[in-house]
Amino acid sequence: MRNNTKKITIPRSIGYGLTDIMGGGAFTIISAWLLYYYTTFVGLTPVEGASIIAIARIVDAIVSLAIGSITDNFYKYKIGRKFGRRRFFLLIGAPLMFTYILLWVTGMNYWYYLVSYLLFEIVMALVLIPWETLPSEMTKDFNGRTKLSTARMFLSSLGVFLATFIPGRLIAFFGEDNGYAYFINAVIFAIIFAICIFISYKATWEKQLSPEEEREWINRSKTSERKGAKELLAAFSETVKAYISTLKIRSFRKHLMIYLFSYTAKDVFNAVFVYFCVFALSISSSVAGNMLSLSIIGIPITIVAGFLMIKIGPNSLYKVSYSLMIMCLAAFYAVYAIKPDSMIMYVFIISAIYQIGRAILDFTPWNVFPFIPDIDEIVTQQRREGVFAAVMTFTRKSTVALATFFVGVILQFGGYTAGATTQTPQAVHTIVYTMVIGSSLLLIAALAVVFTFKLNKNTHQILVAEIDRLKDNGSKREVDPETRAVVENLTGYKYEDVWKETKVDTIKSSACG
C-alpha cells in the first residue's frame, strides 16, 4: 500500500477524478431520462416510475450507511490491508458497472425495473462512498485536496455532458419513439464507467499503516471473530451512534443542508425539464437533450471554479451559482408565458447560463467535503471520512428519493397521462410550476444557509494548525483567542470540550449549537 507522501500531480488528480464520470454521468442520465423512459416506453404511470426510483434509493441509502462503516473498518481484514480499505471497492466495482444495462431493457414488469435499479444503486454506493474519502487519505494539504476535487468535478462535468449529449444523438438517430436508443446508450456508458473506475483504482493510494497500527487492526480482526450476537448488536448500536454524532458538528450540519437543498433543486429540474420542453414548449425530446448537453460549459467552468475556490472561498461560489440558477428558472417561465418567435434560441441561451450555475453547484459541496473530517478530528481525535461520506450519501439518497416520488405524484395528480403525445392544460401547468417554483424554493433555502457557513481556506488552516499543535502535546490553555473562536464556530463545541485527553468513542452531548 502506498503512502500519502506522494505528490498530488495533475495526472494523478485526473486518474482519481475519472470515477466521477460515472458519478456525474449515471446520476444525470437517471435524473433526466429514467422517469421519462418509464412513462413513455415501459408503460408505467408517473407514480409507479417515481416509486421505483424512491424505493430503490431509500433501501440503498440504508445500505450506504453500512458501506461507510465497513470501509472505515476494512483494515481488520487481510484483503483490506492488501488492497486498501477504500480502493478494494473500486477494484470490484469496475466490472459490476455492467449492471447499468439492466435498467434499460424494455418489455419487463414493475418488479424487474425495481430490482434492477436497486441493484445498480447499491453498486454505485459500493464505489462512490469509499472513493469519496480518498482525498482525505491521499493528502492533508488544502491546495492538494482542491486539485483532486477540481479534477473530479471537471471530469464529472464531462460525464454530465456525455450523459446528455450521447442520448440526444442516439434518440435523433433511432427516432423519438424508439426505446432501443436508451439501451445502446446504456451499453456505451457501462463500458466507459468500468474503464474509468479501474483507472482510478490504479492512480490512487491510501494512508500507509504504521507497524503499530497494523498490529492494532489485526487484533481488532481477531476480537471481531469472537463476537457473539450480543456483541454484534452492541457494535451496530455504536455504529448508529457514530452516524448520529456527525450531525453534532456544526459545519457538517450546515454543509449537509446546503448540499441537500441545492442538489435536490437540481434533481427536480432534471426530472421535469424534458417534460417541460416536450409538453409546455412543444420541443422534441432530442432537442431537449441538446439543451441539457450544454452542460459541456461546465468543463471550463469547473477549472475556473477550482481557482476561485482557493481565491474567494466556497461561500462566494455558492452565491453566484444559486443566483444564476434562480434567474434562469424565472427566464424559463417567461419564455413559457410569452412564447416568443425565436423561442428555441432563447431557451438555448437560458440553458447555457443555467449550466454555468449548475456546474458551480456540482463543484462546490464536494470540494468542501474533504475538510469536514478535519473539523471532526479536533472533537473526536478520530479520522471518520467513511462515516461522513455514508451520512451524506444516506441523506442525499433519502431526500432525492422522496423528491422524485413527490414529482411523480404531483405529475400524476396534476393530470399527466402516461404515453400521451399531448397533455391537458392542467398537466402542463403542473409541469411548469413543479420545475420553476419547486427548484427555486429549494435553491433559496440553500442560499439562506450559505450566509452562515464559515468554513474556508483561512479557517481550515487555523484549525489544522491547532490540531497539529495539540498532537505535539501543546497545552489547550495556551490557545490564542482567534483559534479558539474558529474552532468553536466550526465545530459547534466549546473549546474546553474538544480534544479530550482520552479518545472518545461517541461524541459527548456538549455541543453548543
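A pocket here is an open set of points, on a 1 Å grid over the protein atoms alone, with protein on both sides within 12 Å along at least five of seven lines; its volume is the space filled by probe spheres set on the points, which are joined across faces, edges and corners. The model is predicted, so that local features need pLDDT of at least 70 and side-chain atom pairs count only at pLDDT 80 or more, while totals for chains, interfaces and linings use all residues. Residues are numbered from 1 along each chain as its sequence is written, and side-chain values use heavy atoms, with hydrogens and water left out.

The lining of this second largest pocket consists of Y36, T40, E176, D177, V278, F279, S285, Y416, G419, A420 and T421, where a lining residue has an atom within 4 Å of a point. Two elements, α2 (19-42) and α12 (250-280), each give two or more residues to that lining. Helices are DSSP runs (H or I, at least four residues) numbered from the N terminus. Sorted by class, the lining has five nonpolar, four polar and two charged residues; Tyr counts as nonpolar and Gly as polar in this scheme.

Helix α12 also packs against helix α18 (residues 385-413), at an angle of about 35° and with the axes 9 Å apart. The axes are lines fitted to C-alpha atoms over the stretch in contact, and angles run from 0 to 180 degrees between N-to-C directions. This crossing of α12 and α18 is right-handed, that is, the near helix is turned clockwise from the far one by less than a right angle. Among the residues that make the contact are F252, Y259 and Y275 of α12 and F388, R396 and L411 of α18; contact means heavy atoms within 4.5 Å. By class, the contact of α12 with α18 has 16 nonpolar, four polar and two charged residues.

Helix α18 also contains G408. With a relative accessible area of 0%, G408 is buried, a term for values under 20% with a 1.4 Å probe and protein chains only. Leaving aside neighbours within four places in sequence, G408 is in contact with P46, V47 and A50.

A352 belongs to another helix, α16 (residues 343-368). A352 counts as buried because its relative accessibility is 18%. Beyond its neighbours within four places in sequence, A352 is in contact with L294 and I297.

Methods: Buried means under 20% relative accessible area, exposed over 50%, partly exposed in between (1.4 Å probe, protein chains only). On a 1 Å grid over the protein atoms alone, a cavity is a set of points where a 1.4 Å probe fits but cannot get out, and a pocket is an open set with protein on both sides within 12 Å along at least five of seven lines; lining residues have an atom within 4 Å of a point.
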